[in-house]
Amino acid sequence: VFGLTQGKGKKSPSTDIGKHQNTCKISKNSKQRHSIPEALCADMWICRFSDAICSADSAKKLDPRNLEAVGLLRKTRTVGQMRTLGNDLFNAGKFFEACAAYGVGLESDPINPVILCNRAACRSKLGQWEKAIEDCDAALNAQPNYIKALMRRANCNSKVCSNILSC
C-alpha cells in the first residue's frame, strides 16, 4: 500500500485530460495511506480525473510490472477521455453522441456517479426520462448525497408525471 499525494504544479489551461501538467508523487512514507484503487476511485468520483490519471501514471512508473497499476491507468484514461468527449458533445448539443461517449466511459467504470449523472442529463435532453431516472438512481446508489443526481432525478420525475397527466 502506498500513500498517494498531489504535488503542486502548473495546471494546463486546456481541458484535455491528456495534457494536464500536474506533478504527482507516490510516497511509501506518506501520512495518507490509501490503496491505489481506493485513491483513484475517490479522485474519479469527485471529478478529479486528471488527478486520478496522474496518480495511476505515478504508480505505473513506480512499478511498471504491476498489472493493477497498468490496468487502472488505462481505465482512468478511458473514463477521463470519454467524460471530456461527452462534455464537448453535450455542449455542442449532440446529446445522442454524448450519451454514447458516456456509455463507453461507463464500460470502464460502471458505477461512476459523475458519468452516470452526465449520461442522465443527455437522456433528459433526449426526452428519455425513465432512462435518465435509472442513471440517477445508479449514481445515487454509488454516492447517496450527490445533489446534482438528486436534482436531475426530481426534474425527470416531474417530466414523467406531467406526461402522464397530459395524456
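Does D137 count as buried, exposed or partly exposed, and at what relative accessibility? At 31% relative accessibility, D137 counts as partly exposed; the views below come from a predicted model.

**View 1. D137 pairs up with R153.** The side chains of these two residues form a salt bridge, with 2.8 Å from N to O. D137 sits in helix α6 and R153 in helix α7 (residues 147–166), so the bridge ties together parts of the chain 16 residues apart in sequence. R153 is partly exposed too, its relative accessible area being 26%.

**View 2. D135 meets two arginines, R119 and R123.** With R119 the N to O distance is 2.7 Å. With R123 the N to O distance is 3.1 Å. Here, too, α6 gets tied to α5, because D135 lies in the former and R123 in the latter, twelve residues apart in sequence. D135 comes out at 4% relative accessibility, so it counts as buried. R123 is buried as well, at a relative accessible area of 14%. Through shared partners, the salt bridges join R119, R123 and D135 into one network. Counting over the whole structure gives three salt bridges.

**View 3. Helices α3 and α4 pack against each other.** The axes of α3 (residues 67–91) and α4 (residues 95–108) come within 8 Å and cross at roughly 170 degrees. An angle over 145 degrees counts as roughly antiparallel, which is why α3 is roughly antiparallel to α4. On the α3 side, the residues in contact include V79, M82, L85 and F90; on the α4 side, F95, A98, Y102 and V104 are among them. Sorted by class, this contact has ten nonpolar, five polar and three charged residues.

**View 4. Helix α4 and what covers it.** The buried residues of α4 are A98, C99, A101, Y102, G103, G105 and L106. Their cover includes α3 and α5 (113–125). As a quick length check, the 14 residues of α4 should span 20 Å at 1.5 Å a residue, and the end C-alpha atoms are 20 Å apart, so the two agree.

**View 5. R77 in helix α3.** R77 is partly exposed, with a relative accessible area of 37%. R77 and D57 are 20 residues apart in sequence, and their C-alpha atoms are 9.7 Å apart in space.

Key. Residues numbered from 1 in each chain as written. Predicted model: local features only at pLDDT ≥ 70, side-chain atom pairs only at ≥ 80, totals over all residues. Heavy atoms only, no water. Axes fitted to C-alpha atoms, helices over the stretch in contact; angles between N-to-C directions. Helix = DSSP H or I, 4+ residues; strand = E, 2+ residues; numbered from the N terminus. Parallel < 35°, antiparallel > 145°, perpendicular 65-115°, else oblique. Contact = heavy atoms within 4.5 Å. Nonpolar A, V, L, I, M, F, W, Y, C, P; charged D, E, K, R; others polar. Buried < 20%, exposed > 50% of the residue type's maximum accessible area, 1.4 Å probe, protein only. Expected span 1.5 Å × (residues − 1). Salt bridge = Lys/Arg side-chain N within 4 Å of Asp/Glu carboxyl O.
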